[in-house]
Structure formats: structure tokens, C-alpha cells
Amino acid sequence: MTKEERYKSLLPQVKALCEGEDDMIAKMANVAALLHTEFGFWWAGFYRVVDNELLLGPFQGPIACVHIAYGRGVCGTAWKERRTVVVPDVEEFPGHIACSSESRSEIVVPLFKGDDVIAVLDIDSRELNTFDDTDARWLEQAVKAL
């Protein structure tokens with residue numbers, strides 16, 4: 001099954017998990033678990049915007065950084081620039097925050113409520129060049145379901 005096909009079958013599952021659920025933390029927890037399980041990502045989870053910083057939210061994978069400043073690292077950059085950031089090699093990203101030395105590539109997708117970024121979806125891989133435009137396109141659709 002191609003990556004495109006995997007995402008195409010995943011999106012209805014994301015929508016079903018979120019449909020009828022009002023609690024954002026619960027939805028984030030299930031979506032993080034689904035992504036981690038279905039794709040085997042090293043780390044998959046959310047950082048929520050709380051008191052003008054990103055605060056660790058529901059995730060699957062090894063322990064993580066708890067606080068991330070606006071504009072700092074890949075997550076803070078995606079929040080500040082209000083766009084999905086794909087990083088083929090985290091060692092080449094200026095200001096990368098290394099929560100785990102095993103993370104090699106990363107994608108971060110902002111989650112909007114109206115015009116405001118309220119959280120980011122952060123996914124790390126132990127392999128270089130894991131993420132591309134296909135991941136960005138489908139993960140952006142997935143976070144809209146939240």
C-alpha cells in the first residue's frame with residue numbers, strides 16, 4: 001500500500017474518532033495513538049498553545065520536551081509562521097530542539113480554531129527524509145477533523 005493509500009484509509013478513521021466528541025484533549029490523544037500505531041512513527045503528538053507557549057499535550061512515543069517558546073524549534077516555527085513545516089534532516093534545521101537524539105526528520109502541522117493557532121501536530125521519525133508533501137497534505141486534512 002502506498003503512503004497516499006494509507007493516508008486515504010486513515011482519514012475516515014480520524015473523522016470517526018473525532019465525530020461527536022467535544023473534548024479536544026481526548027481527540028488529540030486518539031489521533032496521536034492512531035498515527036503512531038498506523039505509521040509506526042517514532043513520536044506523534046500535540047503541543048497546545050497555553051499562556052503564549054507550546055505546552056506538551058497528548059502523544060505517543062518517548063518522553064518529550066514540555067515547553068516550547070514561540071518561534072523556537074520546528075514546532076515554534078510552524079506556530080509562528082502558521083504553516084506546515086517539513087524537515088528532512090533535523091540536524092540541518094536552525095534552532096532544532098533535540099528532545100531525542102534518535103529523531104532524524106520531522107513534520108509539524110498547525111491546528112487552527114478560526115484564525116488562531118491553538119496547537120500543533122508534531123511527528124518525528126528515526127529515518128531521514130520521511131516526510132514530504134503527501135504527508136503535509138493529508139495531515140493538514142487530519143488536523144482539520146479535530
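At 36% relative accessibility, Arg137 counts as partly exposed; here buried means under 20% relative accessible area, exposed means over 50%, and partly exposed lies in between, for a 1.4 Å probe and protein chains only. The structure is a predicted model, in which local features need pLDDT of at least 70 and side-chain atom pairs count only at pLDDT 80 or more, while totals for chains, interfaces and linings use all residues. Residues are numbered from 1 along each chain as its sequence is written, and side-chain values use heavy atoms, with hydrogens and water left out.

Side chains of opposite charge can pair when their charged atoms come close. The partner of Arg137 is Glu4, and their side chains meet in a salt bridge with an N to O distance of 2.7 Å. The term salt bridge stands for a side-chain nitrogen of Lys or Arg within 4 Å of a carboxyl oxygen of Asp or Glu. This pair links distant parts of the chain, with Glu4 in helix 1 and Arg137 in helix 4, 133 residues apart. Helices (H or I, at least four residues) and strands (E, at least two) are DSSP runs, numbered from the N terminus. Glu4, with a relative accessible area of 32%, is also partly exposed.

By this rule the count comes to four salt bridges. Another of them joins the side chains of Lys3 and Asp135, at 2.6 Å from N to O. Here too distant parts of the chain are linked: Lys3 belongs to helix 1 and Asp135 to helix 4 (residues 133–144), and 132 residues separate them.

Attention now turns to how the helices pack. Two packed helices are described by the angle between their axes and the distance between the axes. Helix 1 (residues 3–18) packs with helix 2 (residues 24–39) at an angle of about 155°, and their axes are 10 Å apart. That makes helix 1 roughly antiparallel to helix 2. For this description, axes are lines fitted to C-alpha atoms, for helices over the stretch in contact, and angles run from 0 to 180 degrees between N-to-C directions; angles over 145 degrees count as roughly antiparallel. Which residues of the two helices meet? On the side of helix 1 they are Arg6, Tyr7, Leu10, Gln13, Val14, Leu17 and Cys18, and on the side of helix 2 they are Lys27, Asn30, Val31, Leu34, Leu35, Glu38 and Phe39. The residues of this contact divide into nine nonpolar, two polar and three charged. In that grouping, Ala, Val, Leu, Ile, Met, Phe, Trp, Tyr, Cys and Pro are nonpolar, Asp, Glu, Lys and Arg are charged, and the others, Gly among them, are polar. Contact itself means heavy atoms within 4.5 Å.

Helix 3 (residues 73–81) has seven of its nine residues buried, so it is largely enclosed by the rest of the structure. Its buried residues are Gly73, Val74, Cys75, Gly76, Thr77, Ala78 and Trp79. They pack against strand 1, strand 2, strand 3 (67–69), strand 4 (85–87), strand 5 (105–113) and strand 6. Just after helix 3 comes Arg82, with a positive phi of about 60°. Arg82 is also one of the residues touched by Phe112, along with Val117 and Ile118, when residues up to four places away in sequence are not counted. Phe112 sits in strand 5 and is partly exposed, at 35% relative accessibility.

Asp51, a residue other than glycine, has phi near 50°. Asp51 lies in the loop between strand 1 (43–50) and strand 2 (53–60), and counts as exposed at 75% relative accessibility. Asn129, likewise not a glycine, has a positive phi of about 55°. The loop that holds Asn129 runs between strand 6 (116–125) and helix 4, and at 56% relative accessibility Asn129 counts as exposed.

Methods: Parallel < 35°, antiparallel > 145°, perpendicular 65-115°, else oblique.
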